[in-house]
Amino acid sequence: AKDGGRGRYHFYSEDLHADAEARSQMEEDLRDALAKGQLEMFYQPVVSTSTENITGFEALMRWHHPVKGWISPHRFIESAEDTGMIQQLGEWALRQACEQLAEWPGEIRMAVNVSPLQFANPQLPSIVANAIASAGIKPSQLELEITETVFLQDSAATDAMFAALKNLGVRLALDDFGTGYSSLGYLKKAPFDKIKIDKSFVRGITEAGSRNAAIIASITSLAHSLGMETTAEGVETMDELDLVRVHGCSHVQGFIYERPLDAQQASERLASGLAA
Ligand code: C2E
Ligand code: CA
Ligand code: CA
Ligand code: CA
């Protein structure tokens, strides 16, 4: 047992060392990516179910690595959070998205993902205010997407952050609703303008006996009675689109309309009008 214990200790200690090295390498890579312009924002249309017009876009980060090619945010956002680089990446994304929005006509909206670590940063309201002011957009055109994990943090600080952001006049959306620690209490507590229903509820909605349709119908009726909009995420098929529409979602986002597009393609999509 002693040997085993020592062996294990050894193993873990080398492992931790390797982890630490990988982390600092990743931090350096992400710093480089930002400095060398390897990051790019893509934009996925959000479409109104009633008019089928594009009402806005969600900004999604991509990393164009010189050797590895395009890297999905699934593979680097968590490392950015682990290394603290998310603060810089997040601020860059926000500025980029606001500047892009300023180039587009009309009063469309831009949704930007905000990591719980950014949300815990007391500087966030001033970072957001600066991004809005320097791009020259209306605060109400910006929608910050926040996940339920922010409610795991200190509640006084969380409440104060919600108040400060609301005070700027930006919109707030609860992202990935239904995946985590979902509690209806959050809806009462926090001033959300929109709930984004996670794609795990949309998937399978068309199957006989699926409970997802009933769940979506309840979420939308609750949200709408609280004055919030709802976006169904990850809608891929015509049947899914029909069902989320029937069950009352006010907005849809998904491959059925469009994948995330680069800035050029998104501008063309917007100019060409109807989403269908
Ligand atoms: P998310 O915020 O839930 O973003 C929606 C994801 O669903 C995007 O993945 C989008 O490409 C994908 N998607 C959209 N429509 C469909 C569909 O019809 N079917 C399927 N299967 N997927 C669809 P993406 O771009 O790979 O981003 C993954 C996650 O990375 C995001 O999930 C978000 O949590 C995070 N992320 C992306 N950009 C940023 C960013 O700028 N800042 C932060 N903090 N997180 C980001
Ligand atoms: Ca995460
Ligand atoms: Ca999102
Ligand atoms: Ca989501």
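Donors are N, O and S atoms within 2.8 Å of the metal (3.2 Å for Na, K and Ca); water is not among the atoms, so sites may look incomplete. This is a predicted model, in which local features need pLDDT of at least 70, side-chain atom pairs count only at pLDDT 80 or more, and totals for chains, interfaces and linings use all residues. Residues are numbered from 1 along each chain as its sequence is written, chains are lettered from A and ligands numbered from 1 in the order in which they are written, and side-chain values use heavy atoms, without hydrogens and water.

**Exercise 1.** Describe the protein donors of the calcium ion (ligand 3).

Step 1. Glu58 (OE), Asn113 (OD1), Glu145 (OE) and Asp175 (OD) lie 2.1 to 2.3 Å from the ion.
Step 2. Along the chain, the donors of ligand 3 have the spacing E-x54-N-x31-E-x29-D.
Step 3. Aspartate 175 also coordinates the calcium ion (ligand 4), and the two ions are 3.9 Å apart.

**Exercise 2.** State whether glutamate 145 and aspartate 175 are buried or exposed.

Both residues are buried (under 20% relative accessible area; exposed is over 50%, partly exposed in between; 1.4 Å probe, protein chains only).

**Exercise 3.** Find the phi of glutamate 52 and of aspartate 176, and place each residue.

Step 1. Most residues other than glycine have a negative phi.
Step 2. Glutamate 52 has a positive phi, near 60°; this residue sits in the loop between β1 (39-48) and β2 (54-65) (strands are DSSP runs of E, at least two residues, numbered from the N terminus).
Step 3. Aspartate 176 has a positive phi near 55° and belongs to strand β6 (residues 171-177).
Step 4. Glutamate 52 is partly exposed because its relative accessibility is 26%; for aspartate 176, also partly exposed, the value is 25%.

Conventions. Helix = DSSP H or I, 4+ residues; strand = E, 2+ residues; numbered from the N terminus.
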